[in-house]
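Colleague: I'd like to learn how to read the inside of a protein model. Could you walk me through one?

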Amino acid sequence: MSELRQDPTTHDWVIIAKERAKRPSEFKKDNITRPYFPAHSESCPFCPGNEHRTPEAKVVYGEPGRWKTRVVPNKFAALRPEGNTEREEWGLFRKSPGYGNHEVIIETPRHDNFIPFMNDTEVEGLIRVYRDRYHALKKDPAIRTVIILKNYGRGAGTSLEHPHSQVVASPIVPPFVRRRYEIAIQHYDNTGRCLYCDLRENELEASERIVAETDYFVVVHPFASRYPFETWLMPKVHNSSFGNTSDEEIKDLSRVLKEVLLKLYVSLENPDYNLVIHTAPVDDEHKSYFLWHIQIIPRLTLAAGFELGSGIYINIALPEETAAFIRDFEVKDSGLSE
């Protein structure tokens with residue numbers, strides 16, 4: 001029989017469809033050859049030698065003439081740092097200029113160097129760039145939210161293969177973010193504890209949905225996962241804002257993030273995915289109510305009419321089973337090096 005499970009962080013309900021559930025190994029693509037990516041592509045605007053095809057870089061990391069990471073304005077930005085944030089209202093309608101910032105982080109000069117294949121130093125450097133851009137963009141007094149994200153694969157919304165991430169700085173706190181924060185505040189007012197820290201400890205106590213645990217992070221497939229193989233990386237040290245993450249934590253995070261993405265890549269045959277860093281609004285980054293965390297959503301299923309009409313997602317994978325599958329998966333036996 002199916003189960004209705006409630007997400008304690010949003011109060012949304014999720015259907016875990018046991019009768020329709022697939023075994024974790026059944027999500028692996030059949031008869032699919034992993035795509036070949038060259039180390040350099042002449043047609044790619046993010047590859048070295050094609051720097052003129054992107055807007056002028058805001059920051060370049062690396063030695064002169066040999067960059068490691070470039071940060072450029074998004075050529076097709078959703079928000080731009082021109083104009084103002086003044087709102088206009090008439091009747092029930094409200095609008096304001098599309099003020100903000102939208103950057104692209106070109107993660108590496110190599111066209112084929114995705115996070116699972118980077119060395120630990122490269123991943124650590126990338127996460128440090130994420131933190132740097134958070135701090136740079138939040139300096140604008142109009143900015144309220146900084147969202148760091150990665151879309152990997154066409155099914156996740158990207159059109160360029162070259163490894164890249166995005167940062168969007170917005171002058172508003174979206175209702176989706178605000179609602180989660182308000183639920184966390186209510187939990188704190190009722191208990192004196194952080195909701196997300198309690199969730200992390202409850203998952204550790206249950207143990208069956210834990211994928212990995214390090215000195216500073218816990219990796220879990222949440223109890224009320226909306227998507228098959230949905231993965232959260234949660235800090236052990238309470239911290240509302242990703243921007244306040246220490247160098248030591250980033251070093252630990254780089255290893256576990258690479259390991260998780262490599263296991264997903266191999267076990268599910270290179271799935272498309274979205275990665276989002278959830279962090280407190282800029283004005284609340286030192287509060288006790290929230291815990292920043294990373295959410296990874298492999299794009300293995302599509303939302304259909306019921307999900308769109310009800311807001312209730314149907315997950316056809318049991319998080320207890322997917323967590324065990326990823327936890328026990330041995331990359332060395334996968335044939336990746338063939």
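This is a predicted model: local features need pLDDT of at least 70, side-chain atom pairs count only at pLDDT 80 or more; totals for chains, interfaces and linings use all residues.

Colleague: Which residues have the most contacts inside the largest nonpolar core?

Modeller: A nonpolar core is a set of buried Ala, Val, Leu, Ile, Met, Phe, Trp, Tyr and Cys residues joined through side-chain atoms within 4.5 Å. Buried means under 20% relative accessible area, with a 1.4 Å probe and protein chains only. Here the largest core has 54 residues, and L253 and I296 have the most contacts inside it. Helix α4 (residues 247-267; helices are DSSP runs of H or I, at least four residues) gives the largest share, ten residues. A separate core of 16 residues includes C194 and W232.

Colleague: How many disulfides are there?

Modeller: A disulfide is a covalent bond between the sulfur atoms of two cysteines. With a cut-off of 2.5 Å between the sulfur atoms, the count is zero. The sulfur of C47 lies 3.9 Å from the closest cysteine sulfur, in C44, which is too far for a bond. C194 is in no disulfide either, the nearest cysteine sulfur, that of C197, being 3.7 Å away.

Colleague: Is strand β13 mostly covered or uncovered?

Modeller: Mostly covered: five of the six residues in β13 (residues 273-278; strands are DSSP runs of E, at least two residues) are buried.

Note on methods
Residues are numbered from 1 along each chain as its sequence is written. Side-chain values use heavy atoms; hydrogens and water are left out. Buried means under 20% relative accessible area, exposed over 50%, partly exposed in between (1.4 Å probe, protein chains only).
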